[in-house]
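Thank you all for coming. I would like to walk you through one structure this morning, taking a few regions in turn, so please keep the sequence and the model in view as I talk.

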Amino acid sequence: MVINGLDILLRNPEMLKNRRVGLIANQTSVSATLDYSWTLLRRADVGLARIFSPEHGLFAVEQDQVAVTRQPDTGCQIVSLYGQSEQSLAPARELLEGLDLVLFDIQDVGSRYYTYLNTLALFMEAASGLDIEVMVLDRPNPLGGATVEGPLLDPAFHSFVGVMPTPVRHGLTAGEIAHFWRDYKKLDLNLSVIAMQGWSRQMLFPDTGLPWVPPSPNMPSFETAEVYPGMCLFEGLNVSEGRGATTPFLLSGAPFVDPEALAARLASMPLEGVAFRPTWFRPTFHKYAGKAIGGIYLHVTDHDRFRPFATGVAMTCALRELWPEQLEFLESEYEFRDDIPAFDLLAGSSAIRSMILGSAPAESVIASWGKDEAAFAAIKPNFHLYNS
């Protein structure tokens with residue numbers, strides 16, 4: 001069984017003695033006994049001065065893109081790093097005063113869009129040049145550490161769902177990506193990582209023996225995290241990504257979708273490790289709330305061959321091919337940017353959307369990011385903390 005960085009740190013809490021500590025955490029910050037880190041740190045007489053919570057809040061109460069303003073009482077000051085403006089995403093300098101150590105302990109899901117590691121990156125920038133140690137208590141990448149997938153982020157498409165120039169599926173742990181970001185940004189930062197024990201790069205989350213604690217309201221299971229790198233693209237379409245249903249991201253659909261026609265088209269594409277089941281569902285909130293809509297349920301049949309980002313792009317190609325008049329790329333404000341379509345912010349550039357609108361076959365679109373994958377795969381081992 002894998003032992004997380006938190007549990008390893010708690011074996012020797014003396015290293016935190018006489019230090020004024022901040023903690024970036026949410027409800028995934030638990031020990032092997034499912035006790036919250038802030039409770040255990042205080043029990044160990046650690047001087048916990050302040051808790052910083054990411055998007056969704058300390059207990060993931062809020063939905064996506066909802067400012068976190070009220071937090072439960074934990075007996076410690078809680079500061080939200082997700083408010084009503086882009087300026088709220090990093091800590092104000094005065095909130096770092098008096099701290100000499102900040103712990104990061106949040107379960108990530110292995111996708112560039114997922115904002116928790118972006119919170120870590122922005123926090124690292126804020127702490128650069130200060131006499132503050134940032135210590136990452138490492139946890140598994142649920143999608144493993146071997147495979148990378150998708151295009152690199154074009155810096156012009158920087159947003160809170162695209163901070164670091166990595167592929168969509170980056171194959172790094174939080175501790176590893178922190179080293180990557182410090183090196184890439186040349187940060188003047190005292191960074192340390194409490195590495196896990198027992199984790200290897202081939203492990204998917206079910207292999208770790210750890211319990212899944214949902215890191216956000218629409219990430220209820222590992223199965224959701226596995227498809228998320230592709231299906232999150234639907235946040236940029238007038239297609240439901242399954243929010244408001246019990247299986248978000250595994251489900252998707254829209255009023256104009258004929259489930260049988262879409263499933264048949266997808267089955268004809270060269271996509272491996274996944275089956276497409278035609279279905280209907282009625283979201284209780286978010287897109288098409290209260291309406292019965294046609295769609296697809298994804299079933300991953302081979303974890304090793306399944307490529308979630310390619311699958312999401314191929315599904316977008318199929319939707320465009322079958323319903324060109326109805327499918328729309330949304331242009332409303334998304335993660336504090338209103339000048340770039342959400343789909344492009346997620347994809348990391350406008351290239352994929354342009355190819356789809358130009359009726360490029362899915363095979364050509366999928367082949368377009370191969371050089372980016374190879375380039376990142378070549379440098380990625382420089383930041384590995386764990387063996388294959």
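This is a predicted model: local features need pLDDT of at least 70, side-chain atom pairs count only at pLDDT 80 or more; totals for chains, interfaces and linings use all residues.

Let me start with aspartate 45, which is exposed at a relative accessible area of 63%, where exposed means over 50% relative accessible area, buried means under 20%, and partly exposed lies in between, all with a 1.4 Å probe and protein chains only. Residues are numbered from 1 along each chain as its sequence is written, and side-chain values use heavy atoms, with hydrogens and water left out.

The phi of aspartate 45 is positive, near 65 degrees, in a residue other than glycine. For background, most residues other than glycine have a negative phi. Leucine 34 also has a positive phi, of about 65 degrees, without being a glycine; it is placed in the loop between strand E1 (20–25) and helix H2 (37–43), and at 45% relative accessibility leucine 34 counts as partly exposed.

How many of the 10 residues of helix H6 are buried? Nine of them are, so H6, residues 222–231, is largely enclosed by the rest of the structure. Those buried residues include Phe222, Tyr228 and Met231, and they pack against strand E7 (251–254), strand E9 (293–300) and helix H8 (308–322), contact here meaning heavy atoms within 4.5 Å.

The axes of H6 and H8 come within 6 Å and cross at roughly 50 degrees, the axes being lines fitted to C-alpha atoms, for helices over the stretch in contact, with angles from 0 to 180 degrees between N-to-C directions. That makes H6 oblique to H8, since angles under 35 degrees count as roughly parallel, over 145 as roughly antiparallel, 65 to 115 as roughly perpendicular, and the rest as oblique. At this contact, Glu226, Val227, Pro229, Gly230 and Met231 of H6 meet Pro308, Phe309, Gly312 and Met315 of H8. These residues divide into six nonpolar, two polar and one charged, where Ala, Val, Leu, Ile, Met, Phe, Trp, Tyr, Cys and Pro count as nonpolar, Asp, Glu, Lys and Arg as charged, and the others, Gly among them, as polar.

**Helix H7 against H8**

Helix H7 (residues 259–267) and H8 have axes that come within 10 Å and cross at roughly 125 degrees, and H7 and H8 are therefore oblique to each other. On the H7 side the contact involves Ala261, Leu262, Arg265 and Leu266, and on the H8 side Ala314, Met315, Ala318, Leu319, Glu321 and Leu322. By class, the residues of this contact are eight nonpolar, no polar and two charged.

In the loop between E7 and H7 we find phenylalanine 256, which is buried with a relative accessible area of 17%. Leaving out residues up to four places away in sequence, phenylalanine 256 touches Asn238, Val239, Trp323, Gln326 and Leu327.

Serine 159 sits in the loop between strand E5 (133–137) and helix H5 (174–185), and at 2% relative accessibility serine 159 is buried. Apart from its neighbours within four places in sequence, serine 159 is in contact with Arg337 and Leu345. Histidine 158 lies in the loop between E5 and H5, but histidine 158 is partly exposed, with a relative accessible area of 34%. Its contacts, again not counting residues up to four places away, are Val163, Arg337 and Leu345.

**Cysteines**

Finally, how many disulfides does a search of the whole structure find? The search finds zero, a disulfide being a pair of cysteine sulfur atoms within 2.5 Å. The sulfur of cysteine 232 is 17 Å from the closest cysteine sulfur, that of cysteine 317, which is too far for a bond. Cysteine 232 is buried at 1% relative accessibility, and cysteine 317 is buried as well, at 7%.

Notes. Helices (H or I, at least four residues) and strands (E, at least two) are DSSP runs, numbered from the N terminus.
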